[in-house]
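Student: I have a structure to look at. Can you take me through its core and its aromatic rings?

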Amino acid sequence: LNSLQDKSLEQAKALLETAAADSKAAAGSETRKLADWYTSYLDIDAIEKAGFAPIKPELDAIAAVANREQLVDLFARNHGALGLRPLVIGVDMDRNVKDTTRPSIDISGLTLGARDFYLEPAYAPVRKLQLAHMGRLLQVAGFDDPEARARRAQDMEVKIARITWTSAEQRDDLKKNNVISVAELSKQAPGLDWPKYLATAGVGAPEKVILLTPSSVKAMVELVNKEPIEAWQDYMRYVAVAGTSPYLPKAARDEMFEFLGKELRDMQQPQPRWIDAILDLGGTGKPLSDPLSKLYVERHVPADARPKSKAMVDNLLAAFDARLAKVEWMAPETRAGAREKLSKVTLKTIYPEIWNNVDGLAVVRGDPVGNARRAAAFKWKQDLSWLANYPDRRQFLQPVYLVNAYANAAWN
């Protein structure tokens with residue numbers, strides 16, 4: 001798998017280099033957008049010269065927060081933006097009603113990922129490393145008293161970890177299947193103007209929402225209302241700098257690698273920046289994933305590859321169905337149900353039947369932070385469109401050039 005992935009990334013790199021050299025690519029075309037993003041990401045001299053000025057809008061918005069209402073409004077506005085949103089709204093499938101999507105509500109904010117890193121005694125050395133790293137990154141970004149700010153930021157993460165569900169709970173779809181009205185949401189997680197929060201985030205006035213982790217959301221509202229605004233601000237500052245570090249000067253990039261790469265993963269050197277560029281512009285969930293995948297298919301996928309793979313998959317399904325038809329330990333009605341379920345499974349191979357377009361996404365050469373900012377807004381608008389129109393199941397949820405597979409139970 002590794003050799004295949006290395007090969008496909010090299011092929012994607014060649015495609016992007018060709019696009020970057022294409023002076024005839026029309027402004028606003030997919031080829032031009034890929035070229036401009038890729039070129040901007042790799043122009044480390046321009047990035048160094050710009051310093052931290054490109055993230056000034058995010059840092060100014062954090063500094064402007066003077067009260068709880070403004071804090072909550074910023075969290076809401078950060079949907080479709082680059083900042084922290086501890087009360088996170090998504091768009092999920094309603095598992096109780098076919099072909100229906102609803103806004104979902106959960107919490108987020110653990111930059112290390114797993115809650116155990118913050119709570120288990122065995123990970124105390126990791127927390128010590130993280131605290132030192134936070135201080136160094138904030139110092140690099142020009143903040144005074146970085147050690148105190150780092151302590152406040154990490155303390156916020158520890159408190160969020162305490163209210164975060166365990167991994168086992170997160171995997172329990174039944175426990176997370178809580179479709180309720182906004183009025184009921186206000187009762188279960190009091191202390192927040194939920195209609196205003198939802199509207200500010202862009203989801204309007206939904207009839208119902210999916211409350212994924214009720215106890216966590218309730219506790220997060222309490223944290224938002226209780227913890228000092230200065231602590232939230234320092235935490236948001238760290239998240240803003242860390243989250244945009246690929247587009248910031250070398251000192252910030254080096255600090256992120258020192259902690260996440262060298263100290264936590266024992267990596268001796270960062271992976272080539274061109275690989276980061278590919279994943280940044282066209283990785284899973286990125287708006288330019290399909291344009292790059294489309295180029296990849298046109299250049300590297302033989303015309304008969306997909307029909308051949310589909311025939312193989314169809315044969316496997318037919319064999320599976322024939323086996324199910326003869327399973328003796330199943331009751332007849334159970335066997336019939338299993339075969340019906342199998343008949344509704346959608347298997348996708350090689351590349352999708354439809355491609356998502358990127359009309360409306362502005363990519364500006366020489367503006368990597370702005371490109372990321374505009375891409376976040378574009379992706380959020382795209383996600384919100386699923387509330388009005390159920391997503392087309394034929395699309396792929398990961399790039400073609402990634403050697404991987406996935407399952408989406410909600411669409412089966």
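**Core and rings**

Tutor: This is a predicted model. Its largest nonpolar core has 96 residues. Those with the most contacts inside that core are Leu-87, Trp-194, Tyr-197, Met-220, Trp-232 and Ile-278. Helix α13, residues 229-243, gives the most to this core, with 10 residues.

Student: How many aromatic pairs does a search of the whole structure find?

Tutor: Five.

Student: Why is the pair of Phe-75 and Trp-232 called edge-to-face?

Tutor: Their planes stand at 70 degrees, and edge-to-face needs over 60. The ring centres are 5.4 Å apart, within the 6.5 Å limit, so the rings count as a pair. Phe-75 is in helix α5 and Trp-232 in helix α13, 157 residues apart, so the pair links distant parts of the chain.

Student: What makes Trp-232 buried or exposed?

Tutor: Buried means under 20% relative accessible area. Trp-232 has 0%, so Trp-232 counts as buried. Phe-75 has 1%, so Phe-75 is buried as well.

Student: Which residues form one aromatic cluster?

Tutor: Phe-75, Trp-232 and Tyr-235.

Student: How do you know whether Tyr-123 is buried, partly exposed or exposed?

Tutor: Its relative accessible area is 33%. That falls between 20% and 50%, so Tyr-123 is partly exposed. Phe-117, at 26%, is also partly exposed. Phe-117 and Tyr-123 form an edge-to-face pair, with 4.8 Å between centres and 70 degrees between planes.

Student: Where does the charged end of Lys-175 sit?

Tutor: Over the ring of Trp-165, 4.8 Å from its centre. Arg-306 lies over the face of Tyr-351, at 4.9 Å from the ring centre.

Conventions
Residues numbered from 1 in each chain as written. Predicted model: local features only at pLDDT ≥ 70, side-chain atom pairs only at ≥ 80, totals over all residues. Heavy atoms only, no water. Core = buried A, V, L, I, M, F, W, Y, C linked by side-chain atoms within 4.5 Å. Buried < 20%, exposed > 50% of the residue type's maximum accessible area, 1.4 Å probe, protein only. Helix = DSSP H or I, 4+ residues; strand = E, 2+ residues; numbered from the N terminus. Phe/Tyr/Trp six-rings, centres within 6.5 Å; stacked < 30°, edge-to-face > 60°. Lys NZ or Arg CZ within 6 Å of the ring centre and 35° of its normal.
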